[in-house]
Amino acid sequence: MSIQQTDVLYTAVATAENGRDGRVATDDGRLDVVVDPSKEMGGSGSGTNPEQLFAAGYSACFQGALGVVARQEKADISGSTVTAKVGIGKNADGFGLIVEISATLPNLDPATARALLEKAHQVCPYSKATRGNISVTLV
């Protein structure tokens, strides 16, 4: 379910110059990076790229969602990490993305960890935004 503009609590603003071969910065100056295609996509790989930025945002957001469901379930996720792998490749429309989310949850048995990942995937805003649009696998 989408939100209305009146429901917005925060809006991030970023501006790119020269697309995948340039610079991207936020309006508050906290993020200001050179973007460059990866070597695999014909670039020098000297800067970051949109897939890395998306992976960073998705992993942080998913970790936050994991914390929400862990508190609800009274599960200990201290020392946990979440990794997002974002792949880009050619498809029928040009290019598409694929995502793999993994987590290390050292204080939980595998069944409990898996159940928390599934629940976090239902509440994570990035997961909601990508659902039905790109393949997202939990591993």
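A polar contact is a pair of N or O atoms within 3.5 Å, and within protein one of the two must be able to donate a hydrogen and the other to accept it. The views below show a predicted model.

**View 1. Ser80 and its surroundings.** The side chain of Ser80 reaches the backbone oxygen of Ile77 at 2.8 Å. A polar contact of 2.8 Å also joins the side chain of Ser80 to that of Gln63. Ser80 is located in the loop between α1 and β4. Because buried means under 20% relative accessible area, Ser80 counts as buried at 14% relative accessibility. When neighbours within four places in sequence are left aside, the residues in contact with Ser80 are Gln63, Thr104, Leu105 and Pro106.

**View 2. The open sheet of β4, β5 and β6.** This sheet consists of 3 strands in the order β4-β5-β6, with mixed pairing. Its edge strands are β4 (81-91) and β6 (135-138), each of which pairs on one side only. Neighbouring strands of the sheet are turned by 15° against each other on average, direction ignored. Strand β5 (residues 94-104) and β6 run parallel and are joined by 4 bridges. Ile98 has Ser135 in β6 as its bridge partner. In a regular strand, side chains alternate between the two faces of the sheet.

**View 3. Two helices lying across the sheet.** Helix α1 (residues 50-73) lies across β4, β5 and β6, and runs at about 140° to β4. Helix α2 (residues 110-123) lies across β5 and β6, and runs at about 155° to β6.

**View 4. Helix α2 and its buried face.** The 14 residues of α2 span 20 Å from the first C-alpha to the last, close to the 20 Å expected at 1.5 Å a residue. Which residues of α2 are buried? They are Ala113, Leu116, Leu117, Ala120 and His121. Seen down the axis of α2, these buried residues fall within an arc of 140°, and therefore they line one face of the helix. The elements covering the buried residues of α2 include α1, β5, α3 (125-130) and β6. At the start of α2, a side-chain oxygen of Asp109 comes to within 3.1 Å of the backbone nitrogen of Ala111.

**View 5. The hairpin of β1 and β2.** Strand β1 (residues 14-17) and strand β2 (residues 22-26) run antiparallel and are joined by 4 bridges. Glu17 stands opposite Arg23 in β2. The hairpin has 4 residues between the strands, and Asn18 takes a positive phi near 65°.

Conventions: Residues numbered from 1 in each chain as written. Predicted model: local features only at pLDDT ≥ 70, side-chain atom pairs only at ≥ 80, totals over all residues. Heavy atoms only, no water. Pairing = 2+ DSSP bridges. Axes fitted to C-alpha atoms, helices over the stretch in contact; angles between N-to-C directions. Contact = heavy atoms within 4.5 Å. Expected span 1.5 Å × (residues − 1). Buried < 20%, exposed > 50% of the residue type's maximum accessible area, 1.4 Å probe, protein only. Arc of directions from axis to C-beta.
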